[in-house]
Amino acid sequence: MLRSPLLHKLVLIVIAIFSLVFKMENASAQPVKENGQLSVKGLQLVNAKGQPVVLRGMSFGWHNWWPRFYNAGAVGWLHHDWKCSVVRAAMGVEPDEGYIKKPESSKQKVTAVVDAAIKEGIYVIVDWHSHNINLEEAKAFFREIATTYGSKPNIIYELFNEPDKETWPEVKNYCIEVIKTIRAVDPDNVILVGSPHWDQDVHIAADDPITGFSNLMYTMHFYAGTHKQGLRDRCDYALNKGLPLFISESAGMEASGDGPINYDEWNKWIEWAELKKISWVTWSVSDKNETCSVLLPTASSDGNWKDADLKESGIKTRELLRKYNN
């Protein structure tokens, strides 16, 4: 057997080159470059060629309570290691350090995630993370975001995280006003509309949808420990009525964000979403002492998380994202 030192060195160089090329190709996968401008066709989110697209990713926690993760390093890690094709910047509105009390610092956190997502070539949901109607503030915020980023195909607007006690007519009227504000600047990018009772009442929205605008989808949130077949039946009703759905927040535990993970129901939800070609986002990139926070306090602020930094929900979510987005 030939054991030439030169041949051995050449073999090692070739292996290193192939390894580098593989890593570069894997790292350069960019959903926005592949799919371009998204739109809504019937029930389906589609790419620039009209082909169905399913986005899968992570939501950051409330920016006002977990601001340390709102940075380019965390976005990059979620893209390359967790294989996220979309991230969600959840800008808290009412609490201390939120948009109403501190608009400039709030916008800085959100735009840090948006800028990083654009650089990474992934999609980003700009989420008005509120449970109440703040019409004028929302219009001002989304006008500014649309003016700055409306030309970028990466952007998805989420108008109202989770209406709680508001009626559908109240939510609908609010959303129409904010949609008008966005569309005056950005005619194209997808807009996500919420529904009452924490985005559970999609069946009510389906009976009286917003008309006169294109590229709208309706958000539905599930927590598998609480929401089971009954909510899937509501969603199927909405889909049968022609209402396009987008799961902008979800996880495997109870709706409180705590309690044990129901793996069986969580898997049923993901399988249902995949069957229907519905995009889904998991909550949340944070290190709170609760089940739905995917990270432990040991996790660094800017990614490079080890398995030991992940909570049970983080391990499962990363597994799901890597499975479906690969």
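In this report, a contact means that heavy atoms lie within 4.5 Å of each other. Helices (H or I, at least four residues) and strands (E, at least two) are DSSP runs, numbered from the N terminus. The model is predicted: local features need pLDDT of at least 70, side-chain atom pairs count only at pLDDT 80 or more, and totals for chains, interfaces and linings use all residues. Residues are numbered from 1 along each chain as its sequence is written, and side-chain values use heavy atoms, with hydrogens and water left out.

**Helix 4 and its partners**

Ala-72, Val-75, Gly-76, His-79 and His-80 in helix 3 are in contact with Val-113, Ala-116, Ala-117 and Glu-120 in helix 4. By class, these residues comprise 5 nonpolar, 3 polar and 1 charged. Here Ala, Val, Leu, Ile, Met, Phe, Trp, Tyr, Cys and Pro count as nonpolar, Asp, Glu, Lys and Arg as charged, and the others, Gly among them, as polar.

Axes are lines fitted to C-alpha atoms, for helices over the stretch in contact, and angles run from 0 to 180 degrees between N-to-C directions.

| Pair | Axis separation | Angle |
|---|---|---|
| Helix 3 (residues 72–80) and helix 4 (residues 103–120) | within 9 Å | roughly 40° |
| Helix 4 and helix 5 | 13 Å | about 30° |

Helix 4 is therefore roughly parallel to helix 5, whereas helix 3 and helix 4 are oblique to each other. Angles under 35 degrees count as roughly parallel, over 145 as roughly antiparallel, 65 to 115 as roughly perpendicular and the rest as oblique.

On the helix 4 side, the contact with helix 5 involves Lys-107, Thr-111, Val-114, Asp-115 and Ile-118; helix 5 contributes Phe-141, Glu-144 and Tyr-149. This contact has 4 nonpolar, 1 polar and 3 charged residues.

**Burial and length of helix 4**

The buried residues of helix 4 (under 20% relative accessible area, where over 50% is exposed and values in between are partly exposed, with a 1.4 Å probe and protein chains only) include Lys-107, Val-113 and Glu-120. The buried residues pack against several elements, among them strand 3 (56–60), strand 4 (86–92) and helix 5 (135–149).

The expected span of a helix is 1.5 Å times one less than its number of residues. The 18 residues of helix 4 should therefore span 26 Å, and the end C-alpha atoms are 26 Å apart, which agrees. Just after helix 4, Gly-121 takes a positive phi of about 80°.

**A loop residue**

Ala-308 lies in the loop between strand 10 (280–285) and helix 11 (312–325). Ala-308 is exposed because its relative accessible area is 62%.
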